[in-house]
Amino acid sequence: MKTSTRHRLLQKAAACRRTALKCRGDGDAKGAAVAYRKQGRLLKACSEAGLAAEAYRRAVALDPSDALAQCGLGQVLAAMNRHEEAKARLEQAAVLAPENPRIRFLYDSVRGGSPPRAPRHYVANLFDRYAEHFESHLAELGYSLPKAFGRRIGRLSRKTGGFCRGIDLGCGTGLIGRWIRPSVNRLDGVDLSPKMIEIAASAGVYDKLALADIHDYCRSCSIKYDLFVAADVLIYIGDLDEMFEGVKSCSRQGGVFVFSVEERGNAGYTLQPSARYAHSRRYVCSRIKKHGMRLIGGSQVRIRREKDRWAHGRLYEAAL
Ligand SMILES: C[S@@+](CC[C@H](N)C(=O)[O-])C[C@H]1O[C@@H](n2cnc3c(N)ncnc32)[C@H](O)[C@@H]1O
């Protein structure tokens with residue numbers, strides 16, 4: 001996050017705290033709880049987990065029925081690896097707001113639930129909020145996939161004589177697009193987040209951009225692609241059947257699908273306490289086979305730093 005953005009968010013957080021204190025002075029406990037909750041959210045965005053937890057704790061002490069504050073507290077506790085406390089808070093939030101799919105999903109992430117995918121609104125919202133500092137934050141985390149995808153797809157393109165038309169599934173701000181653009185004549189992108197798409201449009205590397213869910217896009221697409229890319233996107237999709245069906249339905253014969261996953265376990269997929277999915281190698285290979293594709297390449301990759309360690313994953317190349 002840029003220093004100026006961080007400074008702005010911290011100033012806003014301080015203003016929320018002042019509002020909370022004023023509300024308390026006026027005897028308005030609910031108003032104070034809302035202000036502390038907002039302070040917590042801003043501090044969380046600045047990766048100040050400890051301070052955010054403190055603000056959220058104040059909010060829930062003043063209004064224990066505030067599901068969003070309970071949820072925010074659960075999220076920062078999970079980020080601090082305090083899983084039992086996080087689970088209790090998120091359970092409480094899920095009881096208070098049983099119809100809220102985002103809260104249900106976050107609760108599943110700490111209790112070992114396995115919903116098939118992250119809710120669309122949750123993803124769109126998460127990345128709309130993140131869009132402005134997405135690229136600078138990923139640079140700080142040593143995000144390695146743009147270069148890795150660029151190299152792979154460059155090599156595949158030289159081998160096959162070049163790709164005609166590619167689609168970047170979950171294109172985000174266009175980080176991957178910039179690296180793969182030289183390998184494909186025409187490049188489209190699709191993403192759920194309006195703010196990410198807006199930045200991707202300004203990158204000027206895509207011929208066409210669509211604001212849509214990947215599955216819906218592929219299902220209703222009349223274009224035939226010979227290159228599909230999904231970089232750091234399947235961390236929001238557990239069950240990969242629909243994804244492979246979609247890719248297959250709009251692929252030319254011989255089309256290539258290059259994608260990454262976080263890797264974990266020996267079977268199936270796991271929703272991790274980070275609220276991101278990891279897929280076992282066995283599961284991914286079985287899906288590739290099930291959907292009539294061939295594995296043509298792949299290797300382990302260090303995706304990005306996560307606290308004090310690397311998030312490990314695997315890059316796959318599959319062909320129809
Ligand atoms: C971690 S970012 C990666 C962005 C880009 N691929 C990159 O590597 O820089 C994940 C992106 O996938 C998008 N996304 C996640 N699930 C999606 C879905 N089901 N349909 C469309 N976009 C999705 C998010 O909105 C977000 O922009």
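Helices α7 (120-140) and α9 (175-180) and strand β2 (184-191) each supply at least two residues of the shell around the ligand. The model is predicted. The chain is divided into two domains, domain 1 (3-113) and domain 2 (135-319).

**The ligand and its shell**

- The ligand is surrounded by 20 residues.
- The closest of them are G170, G172, L175, I214 and A231.
- Sorted by class, the shell has 14 nonpolar residues, three polar residues and three charged residues.

- Domain 1 covers residues 3-113, and domain 2 covers residues 135-319.
- Their C-alpha centres lie 32 Å apart.
- Seven residues from domain 1 and four residues from domain 2 form the contact.
- On the domain 1 side, helix α6 (residues 101-111) gives the largest share, with four residues.
- That side of domain 1 divides into three nonpolar residues, three polar residues and one charged residue.

**Strand β1 and its partners**

- Is strand β1 (residues 163-169) largely enclosed or largely open? Five of its seven residues are buried, so the rest of the structure largely encloses β1.
- β1 runs parallel to β2, and six bridges join them.

**From β2 to β3**

- β2 is joined to strand β3 (residues 208-211) by four bridges.
- β2 and β3 run parallel.
- G189 has L209 in β3 as its bridge partner.
- Which helix does the chain pass through between β2 and β3? The path goes through helix α10 (residues 194-203), and this β-α-β crossover is right-handed.

- Strand β8 (residues 294-306) and strand β9 (residues 309-319) are antiparallel.
- They pair over 11 bridges.
- R305 stands opposite W310 in β9.
- Two residues sit between the strands of this hairpin.
- K307 in the hairpin takes a positive phi near 55 degrees.

**Two loop residues with positive phi**

- S47 has a phi near 60 degrees, which is positive in a residue other than glycine.
- To find S47, look in the loop between α2 (29-45) and α3 (49-62).
- S47 has 14 C-beta neighbours inside 10 Å, so this residue counts as partly exposed.
- D232 is not a glycine either, yet its phi is positive, at about 55 degrees.
- D232 lies in the loop between β4 and α12 (241-249).
- Is D232 buried or exposed? D232 counts as buried, because it has 24 C-beta neighbours inside 10 Å, and the cut-off for buried is 20 or more.

- Q92 sits in helix α5 (residues 83-96).
- Q92 has 20 other C-beta atoms within 10 Å, so this residue is buried.
- Q92 and I103 are 11 residues apart in sequence. In space they are 9.9 Å apart, C-alpha to C-alpha.
- G50 belongs to helix α3.
- G50 is exposed, because 9 other C-beta atoms lie within 10 Å, and the cut-off for exposed is 12 or fewer.
- G50 and M80 are 30 residues apart along the chain. Their C-alpha atoms are separated by 8.0 Å.

Notes
Residues numbered from 1 in each chain as written. Predicted model: local features only at pLDDT ≥ 70, side-chain atom pairs only at ≥ 80, totals over all residues. Near = placed C-beta within 6 Å. Nonpolar A, V, L, I, M, F, W, Y, C, P; charged D, E, K, R; others polar. Domains from an automatic or database assignment. Contact = placed C-beta atoms within 7 Å. Pairing = 2+ DSSP bridges. Right-handed = clockwise from strand over helix to strand, strands pointing away.
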